[in-house]
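Hi,

Here is the model we talked about, with my notes below it. Have a look at the fold first and then read on.

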Amino acid sequence: MPDLLIELFSEEIPARMQARAAQDLKRMVTDGLVEAGLTYASAGAFHTPRRLALSVEGLSEASRDTVEERKGPRTDAPEKALEGFLRSTGLTKDQLEIRDEKKGQAYFARITHEGRPAETIVAEVLTAAIRNFPWPKSMRWGAGDLRWVRPLHSILCILSDEQGARVVPMEVDGIAAGDSTRGHRFMGPDAFSVTSFEDYEAKLKRGCVLLRADERAETIWSEASSQAFAQGLELVEDRGLLDEVAGLVEWPVVLMGEIGADFLDLPPEVLQTSMKEHQKFFSVRDPKSGKITRFVTVANIETRDHGATILAGNGKVLSARLADAKFFWENDLREVREHGLEGMAAGLSNVTFHNRLGSQSDRIARIAALAREIAPQVSADADDAEQAAKVAKADLRSEMVGEFPELQGLMGRYYAQAQGLKPEIAAAAQEHYQPLGPSDAVPAAPVSVAVALADKLDTLAGFWAIDEKPTGSKDPFALRRAALGVIRLVLSNGLRLKLRDLIAAADDRASADDLLSFFHDRLKVHLRAEGIPHDVIDACIAMPGNDDLTLLVARAEALAAFLKTEDGENLTQGFKRANNILTQAETKDGVEYSYGADAKFAESAEEKALFFALDGAQPKIDAAMASEDFGAAMGAMASLRAPIDAFFEAVQVNADNQLLRRNRLNLLSRIRTTCGAVADLTKIEG
Amino acid sequence: MTDAPRSFQEIILRLQSYWASKGCAVLQPYDMEVGAGTFHPATTLRALGSNHWAAAYVQPSRRPTDGRYGENPNRLQHYYQYQVIIKPSPPDLQELYLGSLRAIGIDPTLHDIRFVEDDWESPTLGAWGLGWEVWCDGMEVSQFTYFQQVGGHDCRPVSGELTYGLERLAMYVLGVDHVMEMPFNDPDAPIALKYGDVFRQTEEEYSRHNFDTATTEMLLRHFEDAEAECAKILSAPAEDPRTGKRIVMAHPAYDQAIKASHLFNLLDARGVISVTERQAYIGRVRALAKACADAFVTTEAGGAAA
């Protein structure tokens with residue numbers, strides 16, 4: 001049982017693509033091997049900035065012989081048919097079998113496909129994998145036609161067993177497979193050949209390449225932590241950055257440097273953002289003061305001066321960056337001291353938000369008016385909400401946000417604090433953008449909630465008014481995210497808002513019905529993720545007050561829970577049966593049976609019992625509905641399940657006696673009305 | 001290992017002789033205002049078609065919005081790029097590039113040189129490529145790109161393009177913190193000049209001009225003129241009535257595209273282009289660049305059979 005080792009050696013692969021690519025290589029190769037009839041014991045994939053590697057252990061030597069049986073023409077078919085069959089199978093007539101069929105006799109061919117050696121299959125499978133590799137972005141280079149993420153330089157492909165290693169003969173676009181590779185670009189540049197995966201990993205290490213990404217990440221993390229710890233400091237955790245940096249180096253060398261004293265008063269987020277975004281540095285914090293005081297950079301090389309040149313260079317680049325940041329920070333603070341955030345926001349009148357929706361200033365004025373209107377409904381002070389909305393986006397004009405757009409909001413908060421605005425107002429500057437995505441935190445502070453809602457509703461109503469709605473995969477203004485933001489703000493704060501009214505207040509040119517149905521679509525997606533099926537939501541959307549999302553979701557949750565019970569499922573069936581019979585009768589008779597059924601015409605015990613049950617349940621349901629306790633209402637409905645089932649079991653609705661029939665149809669109408677109190681059960685599927 | 005260079009111009013000279021020694025034609029800057037070395041027809045147009053090509057040159061580049069009145073240590077509205085383009089990209093282009101760093105005194109075994117993903121795209125040229133920004137000790141010193149498309153045309157063969165931001169690179173090599181303090185010629189020359197002696201005043205003048213005084217109505221008019229002229233040039237019949245030869249005027253048309261692009265940059269610096277209009281302007285320049293590329297590939301230099 002040989003082992004297979006593959007390495008695809010290229011110019012630097014983008015860090016973000018490496019892990020996925022290694023998995024794709026493993027999947028494509030192992031799937032291909034298995035499909036071609038080979039088996040294997042285990043497989044592992046690896047990646048560094050310059051290579052993807054795959055180790056497959058315990059591969060079968062060859063695929064097994066397989067026999068294919070093919071049915072040919074009948075024995076009495078014209079000669080031509082037989083000739084064609086012989087041609088397609090490559091057999092002669094005497095090699096065919098004749099078998100009895102239902103309608104006479106037919107020729108059968110047995111074709112033996114000989115098993116193929118692993119080499120041949122590996123060569124085919126790897127060639128196909130390279131040619132069809134699913135890189136997110138790939139390129140051509142030189143005069144060739146092959147596509148790879150960056151130029152592919154060599155292919156290592158060997159099968160090894162006790163007898164030794166052999167190269168799998170194959171070639172892709174002029175690159176022939178071999179058994180050699182190279183180590184680190186600078187520290188181990190010479191080619192070497194390998195005989196097995198163990199040999200490969202060991203020689204790479206000697207050539208200053210750590211093959212395993214998790215080993216590189218671990219090395220970086222532990223080395224950086226211990227260097228920080230030795231100084232009484234702590235490394236700021238950043239898993240995403242760690243993975244990225246582990247993908248940027250083959251031989252991680254951790255170097256810790258100091259941040260110039262001039263910059264230590266910058267907000268920690270500014271330091272962290274600047275260092276991470278521009279330099280891929282980790283931040284090191286002083287646990288006592290909470291301040292970021294040092295940085296960690298990860299080099300890809302050991303040098304004779306132990307990294308001194310590298311550290312000095314990095315420190316210099318950082319200082320230049322931070323000098324910019326400090327310059328922005330001080331200019332912004334001066335502007336705020338002299339003119340306030342309102343003054344800073346004034347410049348937004350020159351910035352177009354959208355050519356049909358005016359400037360950013362126009363937009364802010366609309367948001368402020370809307371925030372004021374929303375404020376009392378979310379227990380916020382109207383003056384605070386209005387003022388917060390007026391300054392919340394002022395930092396878009398700040399120099400710091402101009403440089404680091406990702407700090408928008410946060411800088412607004414700092415600057416609002418510096419100006420001495422109320423903490424609620426400062427917080428709103430940061431929080432009104434939230435929630436940004438499905439997993440982002442949802443603000444709870446009333447002023448923040450008011451401004452966040454006003455911001456999103458203004459955007460949605462505005463773009464609806466000018467008919468720039470999302471279509472298909474196109475959503476350039478992130479309106480789906482805005483709608484989900486409104487939904488999460490409403491639900492997580494249990495807000496009782498009439499969205500129709502707010503849409504009208506935001507922009508009366510927008511079709512409230514259409515926008516509301518957009519909200520409902522987003523709500524369906526949101527609730528489906530929480531396990532509430534779409535038909536349940538549809539059943540609740542069909543009810544009045546559907547622009548009150550909190551109410552809508554309360555209905556949906558109660559209904560979903562109810563439908564999971566046996567009573568719920570059966571009651572729905574009973575309701576549907578009642579509704580079907582009633583609808584058919586109403587269509588046929590051209591009348592609506594809703595006059596009120598009379599118990600005195602009830603004949604059988606089951607019919608009387610149903611009257612009794614409905615009379616008993618009705619007040620309970622009414623009371624529950626009055627207090628919007630949909631769970632209790634559905635609980636009361638559950639008591640109807642048995643009487644309804646029994647009624648349908650024993651009673652024929654469409655009786656010959658017209659009086660009885662009418663009364664029974666009216667009784668069904670009561671079922672329909674009563675059971676339809678919480679949701680439109682006709683929408684429930686199944 | 002060569003000793004360290006001592007001035008801005010020495011770095012340029014070393015790059016020139018290095019790339020000359022590697023077989024590149026050392027061209028001179030294009031005589032028009034451009035935003036980057038890529039705009040030089042030696043790159044934009046020559047990246048198209050099947051003809052092989054190898055060129056290196058300095059290109060003065062202008063980015064009006066980056067003007068800082070000569071005060072910012074790193075930002076300039078006028079700066080130099082060093083540009084290398086080789087078609088087809090040779091298999092050892094990374095090694096050749098590292099050799100150029102050695103030539104200017106950067107020893108890759110003492111520094112941390114990295115190839116960090118950076119996909120290059122020029123919306124105004126309708127061009128894109130994949131490659132990296134090259135980092136030296138955490139600082140971006142070059143752009144390294146394999147051109148995939150230019151002017152909407154697939155590049156076959158693919159060109160390898162290297163772009164060095166000369167001021168930044170030189171500041172690093174020379175250990176200077178403020179660009180204006182950088183020695184331009186040899187610091188021991190009888191008349192030693194710093195970068196600031198050459199460019200401080202012009203940075204100030206152009207910053208004022210670009211941000212506050214350039215006449216926007218005129219710029220808008222010139223933009224439209226360049227656009228119209230480009231179309232007019234390309235619409236002329238291929239056969240020249242005077243000589244009777246087939247003369248497609250791809251380069252003169254492309255000059256107008258370059259002009260339009262620079263005028264757009266100036267308008268942008270004047271702050272008179274809104275976010276939405278911006279896209280429209282970029283689209284208009286791209287349409288010009290694309291039309292020029294379409295024309296170029298029908299010419300001999302563009303690989304069409306003569």
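Before the first sheet, a word on terms: two strands count as paired if DSSP finds at least two bridges between them. Helices (H or I, at least four residues) and strands (E, at least two) are DSSP runs, numbered from the N terminus. This is a predicted model, so to speak of local features I need pLDDT of at least 70, side-chain atom pairs count only at pLDDT 80 or more, and totals for chains, interfaces and linings use all residues. Residues are numbered from 1 along each chain as its sequence is written, chains are lettered from A and ligands numbered from 1 in the order in which they are written, and side-chain values use heavy atoms, with hydrogens and water left out.

Now the four-stranded sheet. In chain A, four strands make an open sheet with antiparallel pairing, in the order 13-15-16-14. Strand 13 (234–235) and strand 14 (253–258) of chain A are at the edges with a single partner strand each, so one side of each has no neighbour in the sheet. Two bridges hold strand 13 of chain A to strand 15 (residues 282–285) of chain A, in the antiparallel sense. There, E234(A) sits opposite R285(A) of strand 15 of chain A.

Angles run from 0 to 180 degrees between N-to-C directions, with axes as lines fitted to C-alpha atoms, for helices over the stretch in contact. Helix 5 (residues 213–230) of chain A touches strand 13, strand 14, strand 15 and strand 16 (292–299) of chain A, and its direction makes about 30 degrees with that of strand 14 of chain A. Helix 7 (residues 268–279) of chain A touches strand 15 and strand 16 of chain A, and makes about 10 degrees with the direction of strand 16 of chain A. In the loop between helix 7 and strand 15 of chain A you will find K280(A), a residue other than glycine with a positive phi, near 60 degrees.

There is also an open sheet of three strands in chain A, antiparallel, in the order 4-6-5. Strand 4 and strand 5 of chain A are the edge strands, each with a single partner strand, so one side of each is left without a neighbour in the sheet. From one strand to the next, the twist averages 35 degrees. Strand 4 of chain A and strand 6 (residues 104–113) of chain A run antiparallel and are joined by seven bridges, with R70(A) having A109(A) of strand 6 of chain A as its bridge partner. Across strand 4 and strand 6 of chain A lies helix 2 (residues 79–89) of chain A, at about 165 degrees to strand 4 of chain A.

On to salt bridges (a side-chain nitrogen of Lys or Arg within 4 Å of a carboxyl oxygen of Asp or Glu). Over all chains, the whole structure has 68 of them. One is K71(A) with E101(A), whose closest N and O atoms are 2.9 Å apart. That pair links distant parts of the chain, 30 residues apart: K71(A) is in strand 4 (residues 66–74) and E101(A) in strand 5 (residues 97–101) of chain A.

How many residues does each chain give to the contact between chain A and chain B? Chain A gives 44 and chain B gives 43. The buried area (accessible area, 1.4 Å probe, that two parts lose on being put together, summed over both) is about 3,500 Å² between chain A and chain B, with 50% from carbon and sulfur atoms. On the chain A side, R140(A), R150(A) and F186(A) lose the most area to chain B, together 19% of what that side buries. Eight salt bridges are counted between chain A and chain B; R150(A) forms a salt bridge with D119(B), with the closest N and O atoms 3.3 Å apart. The elements giving two or more residues to the chain A side are helix 1 (15–35), helix 7, strand 16 and helix 8 (308–346) of chain A. Helix 8 of chain A supplies the largest share, eight residues.

Last, two cis peptide bonds to look at. Q434(A) and P435(A) are joined by one, with omega about -10 degrees, and P435(A) lies in the loop between helix 13 (423–431) and helix 14 (446–465) of chain A. The bond from K87(B) to P88(B) is also cis, with omega near -5 degrees.

Cheers

Technical notes
Contact = heavy atoms within 4.5 Å.
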